[in-house]
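Subject: Structure handover

Hello,

Here is the structure I said I would pass on.

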Amino acid sequence: MNILDKINSPQDLKKLNLEELKELAQEIRNFIIESVSKTGGHLASSLGTVELTIALHYVFDTPKDKIVWDVGHQTYAHKILTGRKNLFHTLRQYGGISGFPRREESEYDVFNVGHASTAVSAALGIAAARELNNEDYKVIAVIGDGSLSGGLTYEGLNHAGHLGYDFIVVLNDNAMFISKSVGAVAKMLVKILTLGLVKKIEQKIDKFLRRLKYIGSVLLRVAKRFKLLLFPGMLFEEMGFAYIGPVDGHDIKSLCEVFKSVKHFKGPVVVHVLTKKGKGYKPAEEKPEKFHGVPKFDVFTGEIEKKNDRLTFTEVFSKTVTTLAEKDERIVGITAAMTDGCGLEEFAKKFPKRFFDVGIAEEHAVTFAAGLATQNYIPICAIYSTFLQRAFDQIIHDVALQNLHVVFVLDRAGIVGEDGPTHHGSFDLSYLRLIPNMTIMVPKDGNELKDMLYTAIYHISGPVAIRYPKDFVFEKNIDISEFKKIEIPKAQMVYEDKESKIYFLVLGPKVYILEEILKEKNFKFSIINMRFLKPIDEEVLKKICHSNNIIITVEENTVIGGLFSAVSEYVVKNCCSVKVYHFAFPDKFITFGKKEILEKQIGLSKESFCEFLKSVSEK
Ligand SMILES: Cc1ncc(C[n+]2csc(CCOP(=O)(O)OP(=O)(O)O)c2C)c(N)n1
């Protein structure tokens, strides 16, 4: 029997000696690699935190002591140690366990997460509740260096320093976000490790430790033993934190000793831990960005399952923006730590000066784009639908209010599948439609995306958004050298059946599912590709919104505030007597799992369309 077989909770962990803990780390690592190779998942970050997770659960008294993870993509070892080992093969699968911490899943999951930079604020809220209740437990926020590029983390650190509660922040520094890290703080973390700075810092230690009295002498002993630095200066000290580190994040002994000593520390403290992304699995160590979020792969060769060779919307955007930027120096590309995911890798290579990865800082990305737009640049702000939620006020206050020409490109709009509710792009049509001056376009395929980007850059003057799903485009090949202006806000009659009263008004690629139904089944209806949500094509609505017609809106967005709302508003405003039905996401958070399964579950599949058509045809 191996050690992992005997571990069902952190209590079992506490019975092990150091050698057994080391052995356990290896077993957990193998277990994660083996399992994720079959399910896909966030491998590299989770491999980097195996020893850190073991040490935290070994030293602290969880779940009484509370560990709050940032992003949550690095928590596989945490899941395995906290009673979910036997369910781990269901990771990210419909009905299985989530790829992120979820309070519904375990008492050890203290705070639900998926977006970055929330841990310090959430953990501080928990610490404040502890103080108000006169309770006694530890609160530990585990943040990545990536999280330090997001403003929310500083808001939390600043407040924590002010409150002065006992509060531990573990900074898991692997010198990477998804790909290489960006920003001044990231550079500072690297500098901390260089000798010149170390020397200066050491001179400050005495003064610092004198202030800490008894705890100071304990920390000094630990520091000497593990060759750690203790220094009060720099960023964290200014914010009211004590700092300890850097600690080797793969040395369980050091980690346990350091955590044992900070456990008794009074006030806020940062423990700086150095880890390697992908640790212990060579292919992931060598290509951590490829194994950040990875599909199935071959454990022995490290070969990642190939997607088929169809083009994705992301790839079409990537080629289009690069082609247009070749001819126009005003075009700049902006991303918030998602260069690859958003399709800006090639742009970054070709136009390094006109490319800006701002870190995990969506609010900054948008206001930064607004600043560029005031100086007649044309910023292409490429941010996933779910992450742009962060920058709602910046879109209103900094862009739309001044009617600035910023082009928002929202990838992953709609259901994303296995990452689940924190990552589905369910809301952008709603949160963008309510903003004055905004134009919103939704392409049904790659050619339309290409022409929409061209139209957004050259034929629209205020803020404009183009949104598309994580999916393949309909076409096999696309000629990216020719561009057509799309008339604003003209919808496209894809198929008209003059004998039918049924009109599908569609935003996005579901046009093709309806075309398939027309070809394969014996239903009669018309399909209109709306293209624009805002402004909406009132001409087309005027033509079809009258008695006896049946209008059905189709959109990959929550039912509140998108196309169904826009058409309903038109119908009420113009006193049209017409029936309007909708296919959209329900007003609920949608779980995780394969996209096809989720779309069936929420009634956005081919079968659901057919069932509906059958029911209205029978009437
Ligand atoms: C608000 C937000 N923007 C973007 C992302 C996408 N994202 C997931 S993990 C990650 C990198 C996080 O870096 P770090 O915390 O250092 O962890 P690492 O991946 O290096 O282990 C990013 C940008 C996100 N989760 N949340």
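By class, the lining of the second largest pocket has seven nonpolar, 11 polar and three charged residues. Here Ala, Val, Leu, Ile, Met, Phe, Trp, Tyr, Cys and Pro count as nonpolar, Asp, Glu, Lys and Arg as charged, and the others, Gly among them, as polar. The pocket is lined by 21 residues, and those nearest its centre are Asn-112, Val-113, Pro-421, Thr-422 and Phe-589. It holds about 400 Å³ of space.

This is a predicted model, in which local features need pLDDT of at least 70 and side-chain atom pairs count only at pLDDT 80 or more, while totals for chains, interfaces and linings use all residues. Residues are numbered from 1 along each chain as its sequence is written, and side-chain values use heavy atoms, with hydrogens and water left out.

Rolling a probe the size of a water molecule over the atoms shows where empty space is left. On a 1 Å grid over the protein atoms alone, a cavity is a set of points where a 1.4 Å probe fits but cannot get out, and a pocket is an open set with protein on both sides within 12 Å along at least five of seven lines; lining residues have an atom within 4 Å of a point. Grid points are joined across faces, edges and corners, and a volume is the space filled by probe spheres set on the points.

A search of the whole structure gives two cavities of 30 Å³ or more. The largest cavity has a volume of about 50 Å³. Its lining has six nonpolar, three polar and one charged residues; among them are Pro-421, His-424, Phe-585, Lys-588 and Phe-589. Pro-421 and Phe-589 are also named in the lining of the second largest pocket.

The second largest cavity has a volume of about 40 Å³. Its lining includes Ala-413, Arg-467, Tyr-468, Gly-508 and Glu-556, and divides into six nonpolar, one polar and two charged residues.

Now the helices, which are DSSP runs (H or I, at least four residues) numbered from the N terminus. Axes are lines fitted to C-alpha atoms over the stretch in contact, and angles run from 0 to 180 degrees between N-to-C directions.

Helix H2 (residues 18-39) packs against helix H4 (residues 50-59) at about 130 degrees, with the axes 9 Å apart. H2 and H4 are therefore oblique to each other (under 35 degrees counts as roughly parallel, over 145 as roughly antiparallel, 65 to 115 as roughly perpendicular and the rest as oblique). In this contact (heavy atoms within 4.5 Å), residues of H2 including Leu-21, Ile-28 and Arg-29 meet residues of H4 including Glu-51 and Tyr-58. By class, there are eight nonpolar, no polar and two charged residues.

H2 also packs against helix H5 (residues 76-84), at about 110 degrees and with the axes 10 Å apart. That makes H2 roughly perpendicular to H5. The contact of H2 with H5 has nine nonpolar, no polar and no charged residues. Leu-24 and Ile-28 are among the H2 residues that meet H5, and both are also among those that meet H4.

Last, the axes of helix H13 (residues 313-327) and helix H19 (residues 446-458) come within 9 Å and cross at roughly 40 degrees. That makes H13 oblique to H19. Their contact divides into 10 nonpolar, two polar and one charged residues.

Regards

Conventions
Helix = DSSP H or I, 4+ residues; strand = E, 2+ residues; numbered from the N terminus.
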